Amino acid sequence: MKDAELLVLQVLKTPRARKEFLLHVLKVHWADYIGHTAAAHSQPYRLEDGVLYVHTDNPMWSTQLHMLQGKLLGNLNRQLAPELKGRKRIIRQIKFYHGIIEDLPRPEPDTEPFMPRRDPDRRCPVCGVPLIGDEEICSACRRKQVQETRRAIRRELEKRPWLSYEDCRKLVDCDKITFTDVKAVLEERALDRALDPKATDREIAFAVMVNTGTPPENLTAELEERTMERARRSRYYVPARRK
């Protein structure tokens, strides 16, 4: 991050403003951070609670960049906060999705740095604080809404772990990214419990249903064994080192 951009970041007080500015910096310098070839096929489009969401123009690029996530995270955090020297991460995770890549104009060298503007005439409909930029709700209220949505999705999945996104949308007003993220966390924890030698039949069945999307009436012993064996291999497989 350039010196002028670091100064702007230091004077921004609200989490929403800092997040918008960091996303702006990521978009402007994306090619410098990850390389021009990868940048031609990807673009950051959202930053939320330390998770950077990136659009790619091809599922193969999503897979390839996901495999390089550790290296990308280290480089991005060093670039965004060089003074921290990697001791603390601004971005803790990157998620890649096939989406639309927009053409963004690259600013001229003498362009003034981006500064989110507070609009005193527009206020958050929930708490009444002035809004920043084009936001429709303040960052604190939005964060609370997102947390409530995540909790609602989890409650529905705990009752019906086989739910698909389309079915969940009928019960909870949510987007696919949030649903997928909540389900992935629940699935990981469920499989961890099911792989425990002391796991109950109920815990194993729950893990299989959330992993495969299979309703209880279609569960079979063969499906449970196959699913658990696949989970064991994915956790305990260690690739051989090349000599």
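Residues are numbered from 1 along each chain as its sequence is written, and side-chain values use heavy atoms, with hydrogens and water left out. Because the model is predicted, local features need pLDDT of at least 70 and side-chain atom pairs count only at pLDDT 80 or more, while totals for chains, interfaces and linings use all residues.

Trainee: How many helices and strands does the chain hold?
Mentor: Helices (H or I, at least four residues) and strands (E, at least two) are DSSP runs, numbered from the N terminus. On that basis the secondary structure of the chain comes to 10 helices and 5 strands.

Trainee: What percentage of the residues of the chain count as buried?
Mentor: Buried means under 20% relative accessible area, exposed over 50%, and partly exposed in between, with a 1.4 Å probe and protein chains only. Of the 243 residues of the chain, the share that counts as buried is 41%.

Trainee: Where does helix α2 bend?
Mentor: Helix α2 covers residues 15-34, and 15 of its 20 residues are buried. The bend at a residue is the angle between axes fitted to the seven residues ending there and the seven starting there. In α2 this angle is about 60°, and the bend is at Val28.

Trainee: Which residue just after α2 takes a positive phi?
Mentor: The backbone just after α2 has a phi of about 100°. The residue with this positive value is Gly35.

Trainee: Why is the pair of Tyr53 and Tyr97 stacked?
Mentor: Rings of Phe, Tyr and Trp (its six-membered ring) pair if their centres lie within 6.5 Å, and planes under 30 degrees apart count as stacked, over 60 as edge-to-face and the rest as tilted. The structure holds 3 aromatic pairs. In the pair of Tyr53 and Tyr97 the ring centres are 6.3 Å apart, and the pair is stacked because the planes are at 25°.

Trainee: Which residue lies over the face of Tyr53?
Mentor: Tyr53 forms one aromatic cluster with Tyr45 and Tyr97. A charge sits over a ring if NZ of Lys or CZ of Arg is within 6 Å of the ring centre and within 35 degrees of the ring normal. At 4.5 Å from the ring centre of Tyr53, the residue over its face is Arg46.

Trainee: Which residues does Glu48 touch, not counting those up to four places away in sequence?
Mentor: Glu48 is found in strand β1 (residues 42-48), and Glu48 is buried, with a relative accessible area of 10%. Contact means heavy atoms within 4.5 Å. With residues up to four places away in sequence not counted, Glu48 touches Lys19, Tyr53 and Arg142.

Trainee: How far apart in space are Glu156 and Cys168, C-alpha to C-alpha?
Mentor: Glu156 lies in helix α6 (residues 139-159) and is buried, with a relative accessible area of 13%. Glu156 and Cys168 are 12 residues apart in sequence. Their C-alpha to C-alpha distance is 7.5 Å.
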